[in-house]
Amino acid sequence: VQQNHFDSVTTEKLLCQRTTMSNSGPREDDEANRPEPFFPSSVEEAGALLGMSITQCLQGGQLQPGGKPPALAPPAGMHSSFRVMQPVPNTELMSRLYQLRALLRSSPPKEPLVAAPSLLAVLIKLLGISTSLAPAYTGSGRNISGGSVNEAGVSIPQPRPATPPMLSNGLRHLWVDCVTLCHIRGAGLSGNTRINTTQFIRQMLSLAATNPRSGRAAGGVRTAALDVVAALLKAEAEEGTEAASLVTQIAPWALDILQMCLKAIRSAGNGEATYRLSAVETAIATAVASRRAYHQRQAQRGEILDFQVALCLKGAMEDKALLEAVKFLKQATQDKLPEMRAGAARFAAALAPLLISSNGSTGTLEEVMSICWKNLDDESAFCSDQWAEALARILATTLQYHADKNNSGGNVSGSPKKGSAGAGDSSGDEASRRRGRATRLSDASSLKRLLNYLADQFVKSGGELVAARMGGMFSVGGRAVRVGIGLVFSKLLQLRPQLGEDIANATTPPETLFAVLKLLGPDMDKQLRPPDTGVGGSLTGFGAASRNWSKADAGVARAITGRILREGIAQVSSEATQLAFLQDLVAVLPFSTPSSPKGPDGQSSNPTPNANQLQCVLVEISHLIVTLSEASMAKMEETLAALKSCLEHADSGVRHEAAVACHSLCVFFPEMGSKLVRGALESIQMHHAQLMTVSSSAAPSEEVNQKGMRMFRLGGGKESSGVNEKLTMPHQNAIHGLSLMAAMLVRELPHCSGGLSDELAKTVISVGEILVASQFNELLAKSCESAACACVRAGFLMISGIMANGPYGVAEHIPRIFGAWQKASNSIKNGRSLLAPHHDLACVDSVLYSVVVFLKYCSELLLSIPQALTQVTVLLEDTLPLLTSEGKLGSIPLTPHISARLLKACGPF
C-alpha cells in the first residue's frame with residue numbers, strides 16, 4: 001500500500017500494525033512464520049529498525065545463512081490470490097521504508113529534524129547493498145555446480161536470490177521519498193549537523209555517470225541516483241521554512257545535471273530503458289527547478305509576476321545550459337522507445353519559457369521549435385500529441401516575447417538577422433537560412449499571423465497519399481502531418497487565456513473563427529474533390545490524379561477542424577463567450593438573419609462557405625446547443641432560421657448535420673420539436689407540389705420518347721435531360737433534408753415532455769404514403785426519375801422514424817405500411833416499374849431498410865396482427881432474390897455506387 005498523504009500517525013498504525021513483535025520465546029527458523037513488525041512510535045525508532053534490517057540483509061558482504069533474505073509472510077486473513085509459495089524477498093525492507101516515510105511526512109514541517117543526517121546515512125547504505133547483491137542476482141555469483149540434481153535425477157530448484165533493493169521499483173521509490181524528506185526536514189539544521197545538499201547532489205551525479213559495466217554501477221544504483229536528483233529538484237516545501245530555498249541551491253547545477261543526463265542516454269544506448277527514462281525525468285525536473293528558482297529570485301527582489309509573464313522568463317537558465325538542453329533533445333528524439341520521445345517532448349514543453357537567453361537571443365528557441373516541428377508526425381500518436389503541446393507552448397513564448405518587446409518601447413536584441421545591424425558573422429545567417437520555418441514562426445508577433453501560417457501549412461502539406469515526412473527520425477508522413485499541425489492549432493488556442501488580454505484581444509473572435517475555417521477553405525476544397533469531377537487540381541499540383549487522392553482526406557480534415565473549434569475555442573470559454581461564439585457560427589451559415597462578420601478590410605471574410613466548412617460549423621452548433629441548453633434560447637431565432645436554410649442545401653452531409661442540430665434543439669425544447677415537425681411536413685408537401693408542377697411543365701426526356709428502348713436501359717444510361725434535373729434538384733434536396741429532420745424528431749418526441757400526438761403520427765404516415773406513391777406517378781417518372789426515387793426514399797424514411805418508437809401507436813397503421821411495401825416490391829418484380837434499374841435498387845434499399853426497422857422495434861406485432869408474419873415472409877422471399885447475381889437488380893453493371901447499394905440492402909439480412 002502506497003499513499004501520498006497521511007492524516008496522522010494513528011492512521012498508519014491502523015493500516016500497518018497487525019501483530020506486536022514478541023521478544024520472549026525462541027524464534028522459529030521458518031521465515032513464513034515470523035511475526036510482522038510493529039509500527040514504530042518515532043522517526044528515530046524507525047531508522048534504527050531500518051538499520052537492523054539492512055544489517056541482517058548482508059553479513060560480511062554475503063547473504064544471511066541459508067541463502068534466504070529477510071522476508072515477511074503475507075498478513076493473516078489475506079485473500080488466497082495474494083498469497084505466495086515462498087516469502088517475497090525484501091518485504092521487510094519495504095515495510096521499514098514505508099514506516100519511515102510515513103513518520104517523516106507526519107513530522108512538523110517548521111521544526112528541523114535533528115535525526116535527519118543520521119537517517120540519511122542509514123538510507124545511503126542501501127546503495128551499497130544493491131551493489132553487493134547484484135552479482136548473485138544476475139547469475140555471475142551464483143553457485144550452480146553440484147547439488148543441483150537429486151538421487152532420482154530430478155533437478156532441485158535453486159533458492160530464490162535476493163533482489164537488489166534499487167532494482168525494485170517500489171523500494172526505489174520509497175527510498176527516494178525518504179531521502180528527499182530527510183533533506184527537506186533537515187534543511188534548518190546548522191553547524192556540524194547541517195546537511196550539505198550541494199555536496200550530496202555532486203555525489204549522486206558522480207554515481208549516476210559511472211561506467212555501466214563497472215561493479216559500482218550494478219544493482220540499479222545509477223537509476224536511483226538519477227531519481228533522487230530529480231526528486232530534490234521537484235521537492236516543494238511550505239512557505240516560510242528553510243526548505244523553501246532548497247530549489248535555489250540546486251538550480252545553479254542545471255548545466256552539470258543536463259550534461260550528466262545527456263551522457264546517460266548516450267551510454268545506455270537502446271538498453272536500460274528505466275535508466276534512460278530516469279534521465280529524461282531528471283532533465284524535466286531541472287527545467288521546472290530553474291523556473292521556480294527564477295520566480296523566487298524575482299519575489300526576493302520585490303517584483304510580482306503575473307501568470308502570463310510565466311510564458312517568457314528571459315535569462316532564467318544560463319546560455320550554456322540551454323545549449324546542453326538542445327543537445328539532449330536531439331539525442332532523445334533518436335531513441336526507439338516511444339516513452340523516451342514523449343518524455344523529450346515534455347522536456348521541450350517545460351523548457352519553453354526558458355528559451356529566451358539573457359541577451360534576448362532567440363536562436364535556441366528556433367532550434368527547439370524546429371525539433372518540435374519535425375517530430376509532429378511521429379509514428380506514436382502519444383508522442384505526436386506531446387510534441388504538439390511543446391510547439392504550442394514555444395509559440396506562446398514567442399508571442400509573449402514580442403509583446404514584452406513592444407511594451408518596453410525599445411529594440412530588444414534578438415537572433416541575428418541577415419542584413420541587420422550587428423548581424424555578426426555569416427554562420428548566424430547560414431543557421432537562420434537553415435531554420436527557415438522556425439525563423440518565420442519566431443518572427444510572428446501576433447496570434448493571427450501564427451494561425452494563418454499554421455492554416456497555410458495545413459493545406460500545403462497534402463493529403464494522406466502525398467504528404468511527405470516532416471523530418472524526424474520516426475516521422476511517418478501521410479495523414480499524421482495534418483493531424484500534428486491540427487493539434488498545434490488546437491493547443492495554441494487553448495493557451496489563449498494565458499497569453500494576456502493584449503495578445504488575445506488583438507485577434508477578434510470572428511478572425512479566429514475564419515482562421516480555423518481556412519483549414520477547409522477553397523484551396524483545401526480543390527484537394528478534397530474526387531478526381532472524376534473534372535474540376536480537379538490542388539494547390540500543390542497533385543490533387544487531380546486518382547493515385548494521389550484519398551477518400552479519407554475530407555473526413556480527416558473535417559475531424560481536425562471540428563476538434564479545433566471544440567477543444568481550442570468552445571471548451572476553454574465561459575458561458576458568455578460561448579453564446580457569442582454560437583452567434584458567430586450562426587452568422588457563417590448561408591441565408592442567416594444576422595449579417596456576416598466583417599474582416600479587417602470591411603468585406604465579408606467568408607461570404608460563401610463550402611460544404612466541408614458548413615458541416616464543421618453545424619456540428620459545433622449542435623454541441624453548443626447541448627452545452628448551453630436553456631441559455632441558448634437567447635440565440636434561438638437566428639439559429640433556427642439558419643438551420644432551416646441548411647436543410648435544403650445541395651450537399652447531403654450539410655443536410656444531415658442540420659437535421660442533427662434540429663434534433664439537439666428538440667432535446668432541450670420539446671415544444672419546439674412538434675412545431676418543427678409540423679412545419680417540415682407542410683414544407684415537404686409544398687416542395688412535392690412544386691416538383692409535380694415542374695414535372696408537368698418540363699418536356700419529357702428524349703430517352704422516354706424512344707418507343708421500345710426502355711427494356712434495354714442500364715444503370716449508367718441517361719435518365720433525363722439536364723434541364724429537368726437542374727429544375728427539380730432544389731426540391732429533391734429540400735424533401736430529403738426535411739424528411740430526415742422529421743424522422744429524427746418523431747423518434748425523439750416520445751421521450752420528451754408532451755410526447756408525440758396521434759394526430760401528428762397519422763400526418764407523418766400520410767405524408768410518407770404520398771411520397772412513396774411518387775414511384776408510380778408516370779408524369780414525375782418521365783420527367784425526372786431521380787426525383788421520384790428521392791421522394792420514395794424520403795417517404796420510407798419518415799415511416800421508419802414512426803416505427804422506431806415501438807409497437808404502440810403503430811399497429812393501426814400496419815396495413816398501410818405493408819401495402820406500401822408490397823406495391824413497391826411487386827412493381828419491380830413484375831417489370832411494371834417506371835424507373836431505371838439503378839433507381840429501382842435505391843427504392844428496394846429503402847423498403848428493406850424500413851422492414852429492418854420494423855423487425856427491430858415492432859417484432860411482437862408479427863404475432864399479434866393476423867397474417868403479419870406471412871406477409872413479411874412473402875415480401876422478403878420475393879424481394880431478396882432480386883438482389884442476387886442472377887436477379888434483376890443484381891445484374892446491373894457494378895460501379896462503386898451500385899456496389900455500396902447492394903451491400904447496404906443485403907447486409908442486415
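Helices (H or I, at least four residues) are DSSP runs, numbered from the N terminus. The model is predicted: local features need pLDDT of at least 70, side-chain atom pairs count only at pLDDT 80 or more, and totals for chains, interfaces and linings use all residues. Residues are numbered from 1 along each chain as its sequence is written, and side-chain values use heavy atoms, with hydrogens and water left out.

**The largest pocket**

Five helices come first: H26 (652-668), H29 (722-748), H32 (785-803), H34 (837-857) and H37 (896-906) each give at least two residues to the lining of the largest pocket. H34 supplies the largest share, ten residues.

A pocket is an open set of points on a 1 Å grid over the protein atoms alone, where a 1.4 Å probe fits, with protein on both sides within 12 Å along at least five of seven lines; lining residues have an atom within 4 Å of a point. A volume is the space filled by probe spheres set on the points, which are joined across faces, edges and corners.

The largest pocket has a volume of about 1,100 Å³. Its lining holds 37 residues, and the closest to the centre are His-736, Arg-793, Leu-797, Ser-846 and Arg-901. By class, the lining has 16 nonpolar, twelve polar and nine charged residues. Here Ala, Val, Leu, Ile, Met, Phe, Trp, Tyr, Cys and Pro count as nonpolar, Asp, Glu, Lys and Arg as charged, and the others, Gly among them, as polar.

**Packed helices**

Two packed helices are described by the angle between their axes and the distance between the axes. Axes are lines fitted to C-alpha atoms, for helices over the stretch in contact, and angles run from 0 to 180 degrees between N-to-C directions. Contact means heavy atoms within 4.5 Å.

| Helices | Axis distance | Angle |
|---|---|---|
| H17 (residues 447-460) and H20 (residues 509-517) | within 9 Å | roughly 15° |
| H3 (residues 91-106) and H5 (residues 169-185) | 9 Å | about 30° |
| H7 (residues 221-234) and H10 (residues 273-300) | within 8 Å | roughly 20° |

Angles under 35 degrees count as roughly parallel. So H7 is roughly parallel to H10. A crossing is left-handed if the near helix is turned anticlockwise from the far one by less than a right angle. H7 and H10 cross in that left-handed way. Among the contact residues are Leu-226 and Ala-230 of H7 and Ala-285 of H10. This contact has eight nonpolar, five polar and five charged residues.

H3 also passes H5 in a left-handed crossing. Including Leu-97 and Leu-104, H3 meets H5 residues, among them Leu-174 and Trp-175. The classes here are twelve nonpolar, one polar and four charged.

H17 and H20 cross left-handed. Lys-448, Leu-451, Asn-452 and Ala-455 of H17 touch Glu-511, Thr-512 and Ala-515 of H20. These divide into three nonpolar, two polar and two charged.

Terms used:
Parallel < 35°, antiparallel > 145°, perpendicular 65-115°, else oblique.
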